[in-house]
Amino acid sequence: MTRDIVNHLLFEVATEVANKVGGIYSVLKSKAPITCKQYGLKYLLMGPLNPQSVQIEVEPVDWEDEANFHVKEVQWSLRSMHNRGVRFTYGRWLIDGAPMVILFDLNSVRSYLNEWKADLWEIAGIPSPEGDFETSDAILLGYTVAWFLGELAHMNQTNAIVAHFHEWLAGVAIPLCRKRRIDVVTIFTTHATLLGRYLCAGNVDFYNNLDKFDVDAEAGKRGIYHRYCIERAAAHSSDVFTTVSQITAYESEYLLKRKPDGILPNGLNVVKFQAVHEFQNLHALKKEKINDFIRGHFHGQFDFDLEKTLYFFIAGRYEYRNKGADMFIESLARLNHRLKASGSKMTVVAFIIMPAKNKSYTIDELGGQAVVRQLENSVKDVTQLISKRIFEHAMRYPHNGTKTEIPTSLDELLKPSDKVQLKKRVFALRRPEGTLPPIVTHNMVEDATDPVLNQIRRVQLFNNSYDRVKIIFHPAFLNANNPILSLDYDEFVRGCHLGVFPSYYEPWGYTPAECTVMGIPSITTNLSGFGAYMEDLIEKDQAKDYGIYIVDRRFKNPNESVEQLVDYMEDFVHKTRRQRINQRNRTERLSDLLDWRRMGLEYVKARQLALRRAYPDEFKELTGGTELDDSNMDTLAGNPKVKVARPLSVPGSPKDSRASSVGAVMMTPGDLGTLQDANNADDYFHLSMGVDEDAEDDEQSNY
Amino acid sequence: MLGVVTLLYSSDYLPGTLTLAYQLRKLLPKGSHEKKLCLILSEELVEEGQLGDTALNVLETLFDEIVQFKPIGLSDPIIKQNQINLMMLENRSELAFTFLKLHLWELTQYDKVLYLDSDVLPLDSDIFKIFDHVSSQTSDQIAAVPDCGWPDLFNSGVMVIKPNKEKYKELHDMATKELSIDGADQGILNQFFNPMCHDGNRLTEWIRLPFFYNVTSPNAGYQYSPAIKFFANKLKLVHFIGKNKPWKHGSTGGIYNDKYRNQWWSLYMELCQQYFQSELDIDIDQLCRKTKGVNLSSDDRSEEILAVNTTPSWNPAAEPPSKYLPAEAPNLNIAKSYNWESELVVIPDDTPMKPVKDTSIKEPIASSDTTIGDVIPSVEEEPLPHYERPKPIFPWELNTDYKPSRVFPDD
């Protein structure tokens with residue numbers, strides 16, 4: 001009696017299936033297309049039922065109709081559970097790829113809670129206090145999933161079953177699978193460790209003490225010991241244990257006491273535009289929207305040239321230190337100093353987009369936007385009148401005493417009433433004596449103790465006219481429906497010039513990754529998963545040519561890191577417009593590296609490894625009896641590891657004869673302007689991705 | 001001959017004294033014998049071995065002359081009398097010992113003495129131009145800088161005097177008889193020399209020196225920050241007054257005028273490297289450790305480091321990051337491979353085996369009458385891994401014939 005490991009069934013279990021809470025949702029959702037393409041109906045997602053989100057996200061399917069199941073035993077298992085009172089929703093998740101989901105109604109099994117809690121204590125020694133509802137739900141979900149997997153493994157003995165669990169909230173089932181000998185293969189992925197999160201939230205010198213923490217005591221102190229136990233038990237009893245980045249892997253090794261078997265970095269669903277320059281156009285378009293906001297915000301002190309203004313931003317959860325807002329502000333102050341000292345004409349407007357407690361917009365902010373709109377409208381009205389007058393005048397010539405073909409005096413075009421109207425609007429732009437454009441767009445609840453504001457106060461970046469660096473703190477999420485800065489987050493990112501994310505604790509770092517796929521250069525650190533990943537992938541010192549600036553926060557002390565950050569920003573400020581466009585082109589090309597089509601390969605490897613550990617003999621038979629080593633693991637997954645090299649220099653095109661005659665002026669892929677050139681650009685990269693249109697088919701044949 | 005003199009009466013101030021001497025050595029013209037560095041040392045420090053041989057050797061290298069005096073005991077009438085006033089000036093009883101300062105007037109081997117507190121930092125060799133202001137000074141005169149707290153009084157941290165045994169006697173007399181206005185030497189000296197205090201009853205005089213010979217920091221005055229910018233090039237000496245000495249609070253302790261504290265720290269680090277590399281005096285060692293977070297000696301430090309270093313030392317709302325902070329993750333070895341290796345090392349998971357005090361857990365569900373620590377068997381007692389099927393709870397577990405097809409690592 002053996003199982004078919006090639007045609008295995010895949011289940012992914014998480015609390016964020018069809019229910020957006022945090023980052024796992026994005027991971028599952030963006031990954032769904034490639035996983036569905038590979039597995040088709042052999043892929044199912046499982047999670048708890050959330051009545052609100054299920055209505056929007058899931059199209060229910062009749063589970064009693066066998067036609068709706070690819071594997072009939074799945075239906076049998078569900079029926080058997082239904083007969084014992086377990087309720088669930090079976091349906092199609094309305095996202096790209098449309099995977100099937102089973103969402104268990106935890107209330108239908110709540111009567112088992114005490115029995116299961118006692119069992120968990122007995123078999124795994126995991127305590128569960130009263131009153132922690134999150135943990136109770138995790139236990140209910142874990143036992144229900146284990147129940148289901150056990151049923152299925154009994155009824156279907158032909159296919160191997162791989163169950164992949166995300167985060168501790170879904171992890172209770174893993175020790176159950178091991179202890180109760182459920183015939184499935186398990187993979188556990190932590191996207192950050194519980195303890196790491198808690199420790200970093202508490203502002204400790206985390207990395208320098210990673211090997212010294214007494215994990216049990218620290219967890220106990222924070223009242224999360226039972227949760228920590230679940231996470232640790234899941235890590236230890238899974239067949240394959242993974243995290244999202246090397247940094248988090250290291251963290252897990254010390255805090256969860258198991259070395260991860262591999263890294264499953266988070267990918268993105270990269271939307272490729274038909275025309276390569278499309279994202280550049282979008283940048284210009286969205287930038288204009290930000291320009292509108294800036295005019296309103298700085299009314300009365302609008303003395304800088306928007307053509308010579310760069311938009312920097314930091315965005316994320318309001319974790320002041322973890323996200324590196326402290327370094328950002330510090331470096332902005334130093335950048336301001338340098339730009340002033342060098343007499344630069346460039347202006348930098350730095351946005352801090354971090355939701356904090358606030359009491360809606362300030363009057364000043366709303367008023368500022370309004371007076372500018374008023375002026376705009378008045379100008380429009382007057383312009384209309386002027387064109388009418390020119391027309392009238394021209395029509396009348398040479399009658400009615402009109403002596404010239406066109407009006408010659410300004411008074412004729414601009415009547416006193418118009419002037420009054422315009423002047424009124426211009427006066428409205430003035431600011432009260434001695435006031436400066438605001439820093440915050442909202443009224444803050446904790447204005448006096450807010451760390452961002454306090455640091456801005458200390459470094460005295462108050463948007464003075466002489467400051468070359470201006471700061472705007474927007475303590476709320478961006479939304480196209482907001483009355484000011486009405487842009488969605490991704491539109492805003494497209495309109496900016498540089499994303500700055502000098503994080504201290506950042507297991508993966510979707511924010512800089514998103515910048516990259518939108519062709520916006522970004523600054524990250526080698527303490528963020530993304531930064532470390534890119535550093536690993538791109539030749540040293542080449543990263544910044546691709547618009548990925550990586551600040552060293554490991555070997556440098558904070559002061560040196562800040563200096564490096566300032567150097568990077570200064571370097572960016574001194575780029576010409578053309579250089580920035582080229583850099584954006586190169587940045588956007590990197591998006592292939594972050595696409596799930598590439599990142600997903602690591603998931604393939606994780607599943608292979610899990611199957612290989614559970615079914616060593618079958619696996620050997622499948623691969624022709626040869627032992628596999630790591631290198632052919634890579635080849636099996638179709639992923640030769642190649643580093644991205646320097647942007648290859650190519651001679652200028654024949655048209656550009658001057659450039660080639662100068663000789664020293666060489667072109668980089670980013671300089672390519674034509675469509676045809678861009679279509680060949682893959683070669684310049686040496687990415688040799690090995691995954692293309694039919695790559696998924698290759699993957700399947702590897703099994 | 002001119003003397004440049006400082007005073008050491010407590011090992012707490014040793015870093016200050018060392019750094020000051022080290023800096024003065026740098027600033028004094030090489031090969032000139034016109035000025036000598038002299039230290040007044042409290043005998044007690046040497047006798048009780050508080051300093052240690054290394055530190056003493058370094059002091060001997062740095063100073064031309066070391067004069068030892070007995071400290072005045074707390075029972076001395078001079079101290080007793082001032083105890084009350086001292087209490088009023090926060091808890092700085094250590095200032096009492098600065099009565100040692102009076103011994104300056106006994107150093108008659110020098111024509112004139114430039115006295116410097118150990119918590120000052122001379123910025124350049126222009127500091128010695130201070131002697132130009134006092135070319136015709138008599139022993140009835142004292143040259144000093146107005147105190148920023150009350151400019152009609154002088155600050156006794158930096159002063160030029162003319163030693164004279166007579167004056168020492170008079171001063172000593174006065175200190176015993178009269179109450180010092182601040183309970184310490186500065187009061188007595190003002191009462192003795194400052195016409196503002198003695199209303200012309202004496203012939204003594206105060207020669208007022210420019211403030212930049214003794215710029216006290218921190219300073220809360222509203223003129224201070226613009227002035228320190230304006231006079232930045234003229235500053236000759238910074239005096240770190242108050243409890244917040246540079247060496248007391250690590251390299252990031254102060255929220256005041258970081259430039260000079262940083263300068264102090266780089267001198268101090270330089271000095272440590274030059275003189276204390278091989279054999280470290282305990283106090284210095286501890287200081288270095290706390291501030292740099294580096295291994296200077298490898299003993300049982302792990303606990304201390306954990307206690308000292310778990311909180312990041314940069315407070316962004318108060319100051320820019322110091323140059324002397326340790327790196328944030330130098331030991332993070334992420335080059336480690338996580339490369340899908342097929343070998344599975346089964347690590348017995350001992351998570352719940354350790355009794356832990358979790359304040360959030362009142363009582364575990366399964367055993368409401370015991371604490372967690374009691375109920376958990378210790379690791380030694382339970383042999384691992386020995387698989388036993390747990391009692392069934394799921395319906396499918398009732399089918400006992402069924403054997404899983406996969407391999408389990410703990411079978």
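What is the mean pLDDT of chain A, and what percentage of its residues reach 70 or more? In this predicted model, local features need pLDDT of at least 70 and side-chain atom pairs count only at pLDDT 80 or more, whereas totals for chains, interfaces and linings use all residues. Residues are numbered from 1 along each chain as its sequence is written, and chains are lettered from A and ligands numbered from 1 in the order in which they are written. The mean pLDDT of chain A (the predictor's confidence in each residue, from 0 to 100) is 86, and 88% of its residues reach 70 or more. Over residues 630-642 of chain A the pLDDT is below 50, and this stretch has 28 contacts in the model beyond near neighbours in sequence, two residues being in contact if their C-beta atoms, placed from the backbone, lie within 7 Å. The pLDDT is likewise below 50 over residues 648-703 of chain A, a stretch for which the model has 65 contacts beyond near neighbours in sequence. Where pLDDT is low, the predicted coordinates should not be read in detail.

Chain A comprises 703 residues, of which 49% count as buried; a residue is buried if 20 or more other C-beta atoms, placed from the backbone, lie within 10 Å of its own, exposed if 12 or fewer do, and partly exposed in between. Its secondary structure comes to 29 helices and 17 strands, where helices (H or I, at least four residues) and strands (E, at least two) are DSSP runs numbered from the N terminus. Among the contacts in chain A with a separation of 6 or more, 74% are accounted for by residues 24 or more positions apart.

The largest nonpolar core has 190 residues, and those with the most contacts inside it are A:Val101, A:Leu149, A:Ile161, A:Phe313, A:Ala350 and A:Ile352; such a core is a set of buried Ala, Val, Leu, Ile, Met, Phe, Trp, Tyr and Cys residues joined through C-beta atoms within 7 Å. Helix H5 (residues 133-155) of chain A contributes the largest share of this core, 12 residues. The core draws at least three residues from each of domain 1 (4-263) and domain 2 (278-362 + 438-592) of chain A, the bounds coming from an automatic or database domain assignment. Apart from it lies another core, of 67 residues, including B:Leu59, B:Leu102, B:Leu104 and B:Met159.

In chain A, nine strands form an open sheet of mixed pairing in the order S3-S4-S5-S2-S1-S6-S7-S8-S9, with two strands taken as paired if DSSP finds at least two bridges between them. Strand S3 (58-60) and strand S9 (262-263) of chain A are the edge strands, each pairing on one side only. S3(A) is joined by three bridges to strand S4 (residues 88-93) of chain A, and the two run antiparallel, with A:Val58 standing opposite A:Trp93 in S4(A). Helix H1 (residues 23-39) of chain A packs on the sheet and touches strand S1 (4-13), strand S2 (43-48) and strand S6 (159-166) of chain A, its direction making about 155° with that of S2(A); axes are lines fitted to C-alpha atoms, for helices over the stretch in contact, and angles run from 0 to 180 degrees between N-to-C directions.

Elsewhere in chain A, seven of the seven residues of strand S11 (residues 347-353) are buried, so S11(A) is largely enclosed by the rest of the structure. Both of its faces are covered, by buried A:Thr347, A:Val349, A:Phe351 and A:Ile353 on one side and buried A:Val348, A:Ala350 and A:Ile352 on the other. Strand S10 (residues 309-315) of chain A runs parallel to S11(A) and is joined to it by seven bridges, A:Phe312 standing opposite A:Ala350. Not counting residues up to four places away in sequence, A:Ala350 touches A:Phe312, A:Phe313, A:Leu332, A:Val469, A:Lys470 and A:Ile471.

In chain B, seven strands form an open sheet, also of mixed pairing, in the order S3-S2-S1-S4-S7-S6-S8. Strand S3 (65-69) and strand S8 (205-208) of chain B stand at the edges with a single partner strand each, so one side of each is left without a neighbour in the sheet. Strand S2 (residues 35-42) of chain B pairs with S3(B) in the parallel sense over five bridges, and the bridge partner of B:Ser42 in S3(B) is B:Phe69.
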